[in-house]
Amino acid sequence: MTASKESPVPRNGSLFDLAGKVILVTGSTGGLGSAIARGLAENGATVVLNGRNREKLDATVEGFREAGLDAHGAVFDVTDFDSIHARIKRIESGIGPIEVLVNNAGITRRASLEVLEESDWREVIDTNLTAAFLVAKAVVPGMIERRRGKIINIGSLMSELGRATTGAYAASKGGIKMLTRAMTADWAVHNIQVNAIGPGYFATQLTRPLVENQEFTDWLNKRTPVGRWGRPEELIGTAVFFSSAASDFVNGQILYVDGGIQAVL
Ligand SMILES: NC(=O)c1ccc[n+]([C@@H]2O[C@H](COP(=O)([O-])OP(=O)(O)OC[C@H]3O[C@@H](n4cnc5c(N)ncnc54)[C@H](OP(=O)(O)O)[C@@H]3O)[C@@H](O)[C@H]2O)c1
């Protein structure tokens with residue numbers, strides 16, 4: 001059998017071009033989701049931003065539009081399946097079929113496991129892990145029908161490593177790694193590529209208590225080979241890669257963007 005010589009590069013375009021692609025980024029009213037969505041929009045995508053807080057969402061969409069980017073907002077809670085379903089339907093009929101889903105919304109509750117409340121455990125697992133399944137479940141039938149699509153799950157350094165007081169979070173992110181592989185097992189055959197990004201430490205609202213803790217920052221700067229916190233926009237390259245034709249034969253991978261923490265003891 002000979003390999004096809006057909007090029008995946010769109011005519012007049014680049015392998016990384018996102019022009020015309022509708023991309024939903026959950027939890028994108030701030031932090032990493034907002035930076036990723038902005039980078040995708042700057043590379044030509046039509047982005048749909050999401051969060052629970054309408055005012056924050058409207059302000060973020062407005063900021064994107066003022067920068068000349070094609071952005072829309074969809075307010076919903078990623079843990080609420082009925083509202084996810086209704087919103088996905090509205091996005092697809094009003095804006096267009098979702099070609100890329102970025103499962104980014106996430107929270108943490110810091111406490112040692114023996115004192116962590118059951119409700120906090122459930123909230124973290126629901127938001128970080130179950131929601132990635134629920135949103136994908138609402139989006140994927142259309143992708144299967146169109147025979148193309150991409151899903152990017154946001155994992156974490158903690159998909160691999162534990163740390164004191166982050167038990168529920170690490171369990172949820174370890175789950176994201178296996179969910180990425182499980183989705184690949186079910187959906188690769190439909191020409192849907194599912195991959196994950198595993199960020200190291202980035203300064204956002206989520207990590208604010210750590211950023212403000214000088215002892216932690218000193219430890220992190222020593223522990224990270226590049227010697228600093230990550231900048232949210234440093235995730236854009238990986239997000240563009242996983243959203244574009246450049247990753248059409250990349251399936252079930254988790255790419256760590258962590259300044260080398262996992263590579264070095
Ligand atoms: N920052 C890091 O160092 C780091 C490292 C590794 C992985 N991550 C992961 O990256 C993702 C983003 O983290 P971040 O640091 O950017 O956090 P962040 O600054 O706290 O932002 C979280 C976003 O998620 C939204 N959100 C939270 N719960 C939601 C829900 N139930 N439904 C819909 N939206 C929800 C928030 O908006 P509303 O509150 O308005 O809903 C906000 O837009 C998370 O999955 C996190 O685990 C972060």
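Two strands count as paired here if DSSP finds at least two bridges between them. Strands (E, at least two residues) and helices (H or I, at least four) are DSSP runs, numbered from the N terminus. The model is a predicted one: local features need pLDDT of at least 70, side-chain atom pairs count only at pLDDT 80 or more, and totals for chains, interfaces and linings use all residues. Residue numbers start from 1 along each chain as its sequence is written.

Let's start with the sheet. Seven strands form an open sheet in the order β3-β2-β1-β4-β5-β6-β7, with parallel pairing. Its edges are β3 (71–75) and β7 (254–257); each has a single partner strand, so one side of each is left without a neighbour in the sheet. Neighbouring strands are turned by 20 degrees against each other on average, direction ignored. Axes are lines fitted to C-alpha atoms, for helices over the stretch in contact, and angles run from 0 to 180 degrees between N-to-C directions.

Contact means that the C-beta atoms of two residues, placed from the backbone, lie within 7 Å. Helix α5 (residues 167–187) lies across β5 (149–154), β6 (192–199) and β7, at about 170 degrees to β6.

What about the inside? A residue is buried if 20 or more other C-beta atoms lie within 10 Å of its own, exposed if 12 or fewer, and partly exposed in between. A nonpolar core is a set of buried Ala, Val, Leu, Ile, Met, Phe, Trp, Tyr and Cys residues joined through C-beta atoms within 7 Å. The largest such core has 58 residues, and Leu40 and Val47 have the most contacts inside it. Helix α4 (residues 118–146) gives the most to this core, with nine residues. Leaving aside residues up to four places away in sequence, Val47 touches Ile23, Val25, Ala37, Leu40, Ala41, Asp70 and Ala71.

Helix α4 also packs with α3 (residues 81–94), at an angle of about 35 degrees and with the axes 9 Å apart. Here Phe81, Ile84, His85, Ile88 and Glu92 in α3 meet Leu134, Val135, Ala138, Val139 and Gly142 in α4.
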